[in-house]
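This report describes one protein structure for a reader who has not seen it before. The sequence and the model come first, and the description follows.

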Amino acid sequence: MTVYKREMVRHQSREARKKVQGEDLVLFFKHIYQLHSPDEITFVCIGTDRSTGDALGPLTGSLLQEYGVNHVIGTLASPCDADTLEKRLALVPSHHAIIAIDACLGPKQAAGTYYLAEHALIPGRSVGGKLPPVGHYSVAAVVNENGPRPYSILQMTSLHFVMGMSRTIAEAVSEAMKYRQTFHI
């Protein structure tokens with residue numbers, strides 16, 4: 001990692017992430033759609049379909065495609081995980097705004113909430129992964145409580161709970177897109 005990247009990561013970790021409930025996601029996505037054309041936004045939905053907690057990204061990506069979002073990386077059919085992340089990011093056009101979506105673990109009282117930021121997230125941080133920062137904007141969904149064995153916690157997370165959070169994110173994106181289309185015709 002270059003000195004620049006280390007400084008960028010240090011700076012980003014100090015920036016506040018806004019903790020919100022699902023109903024507040026629409027405002028976040030409306031803000032992004034006011035700044036960027038839908039044709040210049042790529043959603044990078046990080047995770048794997050082999051762990052229920054970590055399936056939030058691919059589930060969300062698949063739902064986004066069903067809602068008609070054009071630029072989605074990371075679906076159930078083609079997950080964007082630790083093994084493929086860097087290769088898949090290289091395919092994103094340089095002029096696109098990237099919205100990273102990933103599952104995370106957090107304090108017990110935070111389960112079911114979302115951390116929003118106008119900067120990158122670092123995938124796999126809660127399980128000790130060493131992946132590059134992703135996104136100009138980010139959504140980290142707290143799918144379960146953090147604990148001493150994060151991989152086990154992710155694997156034993158309720159799929160029903162994760163699917164509900166994924167649906168909430170995708171519906172918020174869809175509503176924000178409709179709002180943009182209504183007011184930018």
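## The sheet and its central strand

I41 stands opposite A97 in β4. The model is a predicted one, in which local features need pLDDT of at least 70, side-chain atom pairs count only at pLDDT 80 or more, and totals for chains, interfaces and linings use all residues. Residues are numbered from 1 along each chain as its sequence is written, and side-chain values use heavy atoms, with hydrogens and water left out.

The protein has six helices and six strands; these are DSSP runs numbered from the N terminus, with at least four residues (H or I) for a helix and at least two (E) for a strand. Along the sequence they follow the pattern α-β-α-β-α-β-α-β-β-β-α-α.

The six strands make an open sheet in the order β1-β5-β6-β4-β2-β3, with mixed pairing; two strands pair if DSSP finds at least two bridges between them. At the edges stand β1 (18-20) and β3, each with a single partner strand, so one side of each is left without a neighbour in the sheet. Strands of a sheet pair through backbone hydrogen bonds, either parallel or antiparallel.

| Strand pair | Bridges | Direction |
|---|---|---|
| β2 and β4 | five bridges | parallel |
| β4 and β6 | eight bridges | parallel |

On the β6 side, A100 stands opposite S138.

Strand β4 is mostly covered, with 10 of its 10 residues buried; buried means under 20% relative accessible area, exposed over 50%, and partly exposed in between (1.4 Å probe, protein chains only). A97, I99, I101, A103 and L105 point one way from β4, while I98, A100, D102, C104 and G106 point the other way. In a regular strand the side chains alternate between the two faces of the sheet.

Helix α2 lies across β1, β2, β4, β5 and β6 and runs at about 160° to β6; the angle is taken between N-to-C directions, on a scale from 0 to 180 degrees, with axes fitted to C-alpha atoms, for helices over the stretch in contact.

## S138 in strand β6

S138 lies in β6, which covers residues 137-145. Is S138 buried or exposed? S138 counts as buried because its relative accessibility is 0%. Its side chain reaches the backbone oxygen of H119 at 2.9 Å. Contact means heavy atoms within 4.5 Å. Not counting residues up to four places away in sequence, S138 touches R17, F28, A100, Y115, L116, A117, H119, A120 and L121.

## The nonpolar cores

A nonpolar core is a set of buried Ala, Val, Leu, Ile, Met, Phe, Trp, Tyr and Cys residues joined through side-chain atoms within 4.5 Å. The largest one here has 38 residues, and F29 and F43 have the most contacts inside it. At least two residues of this core come from each of α2 (25-35), β2 (41-45), α3, β4 (97-106), β5 (114-117), β6, α5 (150-155) and α6 (159-183). The largest share, eight residues, comes from α6. Another core lies apart from it and has 12 residues, among them V44, C80, A100 and V134.

Leaving aside neighbours within four places in sequence, F43 is in contact with F29, Y33, L64, V69, H71, V72, I73, I99, I101 and V173. In soluble globular proteins, nonpolar side chains tend to be buried together.

Helix α3 (residues 56-66) is mostly covered, with nine of its 11 residues buried. The buried ones are L56, G57, P58, L59, T60, G61, S62, L63 and L64. Just after this helix, G68 takes a positive phi of about 95°.

Y67 lies in the loop between α3 and β3 (72-73). Y67 counts as partly exposed because its relative accessibility is 36%. Apart from neighbours within four places in sequence, Y67 is in contact with A170, E171, S174 and M177. Y67 and M177 are 110 residues apart in sequence, and their C-alpha atoms are 9.8 Å apart in space.

## The protein overall

Buried residues make up 50% of the 185 residues in the protein. Among contacts between residues at least 6 apart in sequence, 73% join residues at least 24 apart.

Conventions
Polar contact = N/O pair within 3.5 Å; in protein donor to acceptor, adjacent residues only side chain to side chain.
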